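Please look through the structure below before reading on. The paragraphs that follow begin with confidence and then turn to a sheet and a pair of helices.

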Amino acid sequence: MEIPPGGLPDIFCLLGKTARDILDAISFYLNLRSSPFTEILDNVPLRNSEISSSVLSVCCHARPSFQGAQHHNLTAHEEGQLVMYPDHEHQVDKSLISLVKSDKPGLHIRDLHGRWVLVDVDLGPQEVIVYPGLALYQATAGYVNPALLRTEFNSMQGSMYGRCSVAFKLMPKSMTSLNCSEMRAAGHGVEAQFQLPIPVDDFMQRSQPTDQLFNRHNFQSFSFPTAQDGSMKPLMKRRKNNSRCKPLPPSKRLRLEAQRVLKERVQDIADKKGIKLRFCNLKECENHIHALDSPCANIRMEIGWPPGVPFVHPHDLPNKAKISFLEAYVPGATHDMELSFTDPGQGSQHTSSCN
């Protein structure tokens, strides 16, 4: 039996938590419920005898002892310099999220305009490269494009150790399916090719033509400015000019705030008391919410759930119940939003757009 080097289990846990936090941030951006991908992820912590679906790997590229066994292509650079890449230069991970840290730059990712961008130059000691994979592309109905990768070996010639990297890939677990039900629930359009759930085991064996991944112009996409040298240094500075953005409608602000409070306040209370939140169905909970022996009575009392509010995910609550939920945990948080809902002459318009 081989014993892994010391520290690898800790690195695995740290990068795994980071990848899940990034996945939550993407879910928040897409207006999905909190932790919508829990069903396709491994248990945390893993149960006895369970093996993680995610992978932590250490790779060395272009080491002299391996040069004879590798095949490369020469590609002309913009300045006329020849740059060497492997034959299978277009790579796409089948992960949900990947995190990569290398000791030397050389990782290129293709942007939406077809340009290859060097992304791992001048990385700090606590910085890693993060990119989405095909599994997230499938689970979000194509709203998050996977990264197309290639690795440059030209700068490693003459180096004794080549280029070494550590990569963590957050993978969906087998025996589950990738479906877009959360995207539909959030009101996103789902194309025909994403309508049917795909078993993860089948998805991992299926090939995906990369020429179709960047030809979906009907969806909003992420694009990043690059420096003249092709690096991504300007990305460290976020755009601060948000004055042109239209203010969110009250219903959407209310929903996002409810999701935030659920994650930051309610979940924290539940974790400290060792309670696992299992929400009820809205119709069923409305019938037994006032009963002392209801299935959720003890949980509601333990976490301070507001009286009269059904114990369902805040995303599914009516607007007035959302306000009561927020006021219970963050008093005064909905003052401005409540005025917007009750503004004379516009109340019916807001109500119809929220439902």
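**Confidence, a sheet and a helix pair**

Among the elements of the protein chain, the lowest mean pLDDT, 39, belongs to helix 10 (residues 347-354), and the highest, 95, to strand 7 (residues 129-132); pLDDT is the predictor's confidence in each residue, from 0 to 100, while helices (H or I, at least four residues) and strands (E, at least two) are DSSP runs, numbered from the N terminus. Over residues 342-355 the pLDDT is below 50. This is a predicted model, in which local features need pLDDT of at least 70 and side-chain atom pairs count only at pLDDT 80 or more, whereas totals for chains, interfaces and linings use all residues. Residues are numbered from 1 along each chain as its sequence is written, and side-chain values use heavy atoms, with hydrogens and water left out.

Three strands, in the order 6-5-8, make up an open sheet with antiparallel pairing, where two strands pair if DSSP finds at least two bridges between them. Strand 6 (116-118) and strand 8 (149-151) stand at the edges with a single partner strand each, so one side of each has no neighbour in the sheet. Strand 5 (residues 107-110) is joined to strand 8 by three bridges, and H108 stands opposite R150 in strand 8.

Elsewhere, helix 5 (residues 250-272) packs against helix 8 (residues 319-329) at an angle of about 40°, their axes 10 Å apart; axes are lines fitted to C-alpha atoms, for helices over the stretch in contact, and angles run from 0 to 180 degrees between N-to-C directions. In this pairing, residues including L254, V261 and I269 of helix 5 meet residues including I323, F325 and L326 of helix 8, contact meaning heavy atoms within 4.5 Å.
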